[in-house]
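Let us walk through this structure together, one feature after another. Please keep the sequence and the 3D view open as you read.

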Amino acid sequence: MSASAGDREPGIPLDNANEEICGPTCIGENNKHDLAVCSSNTEIKSSAVVKYSAAPPPTSYALLQEKTDLKLPPANWLRENPQLGGAGTTILGSSSKSKPFSSFGMAYDFIDCVGDDVDVVSDSENIKKLLKIPYSKSHVSMAVHRVGRTLLLDELDIQELFMRSSQTGDWTWLKDFYQRLIDQKWQRKKKSKEHWYQKAILSKFLYYSINGDGAAEPVSENLNEGEEENGAEEFSSSWPTTITNTQSDTEESDAPKQGLRNDFVRNIMWTFEDIHMLVGSNMPIFGGGRYPAVSLRLRDNNKPINILTGIDYWLDNLMCNVPELVMCFHVNGIVQKYEMIKTEDIPHLENSTFSTRVVKDIAQNILSFLKSNCTKEGHTYWLFKASGSDIVKLYDLTTLCEEAEEEKCQNPFTLPVAVLLYKVASNLMLKARQNRKHYGTIRTLLLNCVKLLDQERHPQIIASAHYMLSELFQLDEPPEDDGGESLRAGGSEDSYSDEDRVEDEEDDDEELTEDSDENGSYGNCSSPQDDSKAVAVIRSVGELSVPEKYKSTHQIRPSCAFPVSQDKEERCRHVLSCVLKGLKAVDGSIKKESDLPAADPNTPIPLKYEDRSAVGSCSAEKGISVLLERAGPLQADQKHPTRSGMIPGSWQHHMKLQLYLKASKAYYVLSDAATNLLKYGRALRYIKLSLQCYDAYCSVSGTLHPQVLQFHSQCLSLCGDIQLMLAQNASNRAAYLEEYSYQTKEDQEILHSLHRESSCQAFNMATDLAMDPEYQLFVSSKCYEAAYELLVSEALKDHASDQLGQVLKRLGNIRNEMGVYYMNQAAAMQTEKEVKKSVSVAEQEMWKKSFAFFEKGMKDFEAIRDSTNTALLLCNTGRLMRICAQAHCAISATQSRGEFSPEEALYYNKAIDYYLRAMKSLASRENHPAVWDSVNWELSTTYFTLATLLQDYAPLSRKAQEQIEREVTEAMMKSLKYCDLQTESARQPLYQYRAATIHHRLASMYHSCFRNQVGDEHLRKQHRSLAELHYSKAVCLFLSLKDAPCELLRTLLERVAFAEFTMAGQSSSAAKLKSLTGALEIMTETRYAFQLIHKELQEEQIELSAPNPAGSADVTSGPTSGLNLQEVMKLIGVFEPSFSFLLLQLIKLMATMKRKPSNKDEELLKTYKNVYSKLLRAEKNAPLLSRLGLYIELLQQLTPQTGSDDTSTHS
């Protein structure tokens, strides 16, 4: 461009070159913009915004003097001039001839507009030609392509196409088809000399208008011949030869450039009513007049302006926002006069009057017709109207080409269309990050792009397209509900119907005006031929003028379908399918053959498993170091070809890295999903494949990005989870082995592709299916350790993430699991020993291992301040101490154990310390009620066990009786302190039972002390009151339980015995009578215990008699009963003589009373005698149920009589 462009460099896109207008007023500044904004017709909404302009700001045109001879060339003729743009390089003036790929050049430059915002992309000349169809007899031949919701229109010059066909042999099928169905007498038509003459004087007129000096010298004596030659040259060079010969390495950015450039002086976003168009225009625009912009036109004064010319001028001005037209009239090349016409007045000129509303209807009808029928992306459609014909036909050239059995690459549009589909999809991918509504469109674009291309010729685009397809399926999150409906609408690849819209309802008799001024035309088609090959037909061009005649039933911008699956596995399978296709494209493009033997994709690669029970930890330690080798810091950049011969830095190298990583992530998600479904064999197989993909990635990659290392840490962590689950579910090992060994064909093929770059053996140790739970736990812990080491390594230490906390939590958990495993092993060793004399070395080893793992686990949880899990590990350590204590319990061959040893006391006290630390870690129950309750229970249990062992196996050889009693009391009271009787929970009955047992044991102990104490009367009284207190509390708690009748009965009988012993020391009859009455009152309380026992035995008998009617009364304890019949019989054996003794003593005392008995005393004595008589006469060998019934009856008789007198005896 020349310097006359002013202060702005040409070729720079204009952001705000124009304002959009939709009204009759004008806006603009003469000194600011190269385009003025003109008002649109009052009936029509039209606005235009310049997206790009290579022209300088418009300058005033030179007004030529009358009689100027335009046949003489000006001095500046044919010199490059920025004011004329394209007109400056050709004698054809303003380019009315479209290049066949002009729309693609614009689409590449404004990729954001394609596919969504714009309805049509085309040269302005093509738009004008379409809108003039009902008025013109001339032919129309255009190629139509659909990309998303956008139509690309290009002139399809049949003459030039067939001229090339005769030279190259291409397109012969179309030539045959054209001659057979459309124009049987086709022949090459040449442009007339008159045509070239008109073009030449227009060109000279424009140069004169710039120059203005009138100085003209002839440039060529034989002008017309030169013009014709140049015109022919322009035709022959307009089809780029590179398109059909492009090789595989000229991919996206190197797509055919010749003929695909955006050669227009300006690109304009034109909105015509509701139609959005991106148009290219080369119309020269000048300044001057009342408006900042005008267009110049040259007309022969002898030829009136016809309707076609009027529409032409009007549309040009609308598209370019030019408010005024300057018409220069000439006669035989001699300038006569100028005339200025406003754009809105053009439709009302004499001889060229037309309705703008009709032009709008034509535009809407043509767009609806094309959108309804050009349904398949990637297909080349041909819109054709023969010269002089009323019929417009639409053909699918791609389908016709396939039927002709010729190679698809013979369609020169194939590669530009494929590249454009790819570019639009790439651009939409950026938007798709924020808005998933684009996914359906992207998928359709890419699938159609891949369909068009040959893998051998264009592997890079194909591989990249498949990678982008894999990116559409979100692996890390489920589909969002808000976008669900739009995403799931429909299910086909194409978003428009394939239905043919053949409209033949009306025949419009509108008369065609004269033909256009283009002299080159096609032979007329006298009658419609066979239309079976046409996709759709407009029977009469007159129909296009009828409002909404071809209104599409589809949305102008319908939503494309995207197959959304809620199933994670299905999404991952889609991803892996795309990855595999991408890998095949890349592998196929690598020229150098690998040294590896050719792998058969049908032969599965074995996923071996081993029984690791015999393998020591030494070899495993070596294996774990490999886990970190692959996860090390950034390696040096590779310079040598990879194993498959791939050059580092090549597109194949870059693409493989992305595909390997994507596959690894997909397998990771599959593994995670399988883990959630408890399919641990399948999960291990998938994580193995994921790590194999990662291994191949490491083999190919020179450096490892921090995000990749973080993902690898996630993989190792998941692998640890799976190995842990396998160790915990050893019973299902056969099922897991079957899942682990299964392989799909797709997985096999991906593995074979991986093996081109790597042996994929680095992570075998972590992903083999072992048979030994201990080894699996060990592998799990090593995976977590490797993940942790990775996260704290130099490469990732600055990349803070939540991952470190999660890995530490898992580390703490696996160490807890291993501690529990070794603790259980130690406990199992104890139960297997027949005679416990001393602790074995093996047991001590197990304790040490268990304790070491618990200690490490506690440190892990303390590092992340997880007090709850720290408390759990302290609790488990407490349990380990109790197991150690139990191991130190000496049992002789006669199964009798000795005294409570100091070692036992030591370990029980250590256990108590750990439980107290756990309580301190939790701080309060509110922080974690479940864990708090568990620790509380364990602490209470430990104190209770310690006290029980001290009481039952008192170390009298080492300690005094009084000291032991104090220690027992202290331990029992502490256990009682941690018995939570208030909180309602599943443990509440257990706490109640334990509290009752503690009170019973303490009462028994004080009872024993009271009996054995001699001398200190104060101490005896203290023991007596404590025994009474604990007996009464024990009875209350056992009564509330309702499922401990034997314990209740035993406590009451002991309490009666305590009362009897107290009575034995009394001398006066009144005191004895009071004690005996109190003892009998306690005895009557046993009625409730007997009722519970009687009820349980009855229910048990009914259960047993149902399946077996011949059941005996002498039943044993059934599965639903908690009764110990031996215990019941033993307690009855105590009850009968005690009851009998009390009654006898009462009868004797009351009979020998010195004072006169009252009526009440006589009634009582009578009752006592009656009950005593029945008790003596009772049959000793009667069934248990009948005996219990008798006791309940006798006790019932005593109940109303007792309790009125001497109530103070009932404590």
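Rings of Phe, Tyr and Trp (its six-membered ring) count as a pair if their centres lie within 6.5 Å; planes under 30 degrees apart are called stacked, over 60 edge-to-face, and the rest tilted. Across the whole structure, a search with this rule finds 28 aromatic pairs. One of them joins Phe272 and Trp314 edge-to-face, with 6.3 Å from centre to centre and 75 degrees between the planes. Phe272 belongs to strand S5 and Trp314 to helix H8, so the pair links distant parts of the chain, 42 residues apart; here helices (H or I, at least four residues) and strands (E, at least two) are DSSP runs, numbered from the N terminus. Phe272 is buried, at a relative accessible area of 0%, and Trp314 is buried with 0% as well; buried means under 20% relative accessible area, exposed over 50%, and partly exposed in between (1.4 Å probe, protein chains only). Ring pairs also gather Trp270, Phe272, Trp314 and Phe354 into a cluster.

A word on how to read these values. The model is predicted, and local features need pLDDT of at least 70, side-chain atom pairs count only at pLDDT 80 or more, while totals for chains, interfaces and linings use all residues. Residues are numbered from 1 along each chain as its sequence is written, and side-chain values use heavy atoms, with hydrogens and water left out.

Now for the sheet. It is open and built from 9 strands in the order S1-S5-S6-S2-S4-S3-S11-S12-S13, with mixed pairing; two strands pair if DSSP finds at least two bridges between them. At the edges lie strand S1 (46-53) and strand S13 (534-538), each pairing on one side only. From one strand to the next, the twist averages 20 degrees. Strands S1 and S5 (residues 266-272) run antiparallel and are joined by 7 bridges, and Ser47 stands opposite Thr271 in S5. Helix H8 (residues 307-320) packs on the sheet, touching S1, S5 and strand S6 (275-281), where contact means heavy atoms within 4.5 Å. The direction of H8 makes about 105 degrees with that of S5; axes are lines fitted to C-alpha atoms, for helices over the stretch in contact, and angles run from 0 to 180 degrees between N-to-C directions.

Which residue forms a salt bridge with Lys132? The partner is Asp312, with the closest N and O atoms 3.0 Å apart. Lys132 lies in the loop between helix H2 (124-131) and S3, and Asp312 in helix H8, so the pair ties together parts that are 180 residues apart in sequence. Lys132 counts as buried at 15% relative accessibility, and Asp312 is buried with a relative accessible area of 15%. A salt bridge here is a side-chain nitrogen of Lys or Arg within 4 Å of a carboxyl oxygen of Asp or Glu, and by this rule the count comes to 34. Glu125, Lys128, Lys132, Arg297, Asp312 and Asp316 are linked in a network of such bridges.
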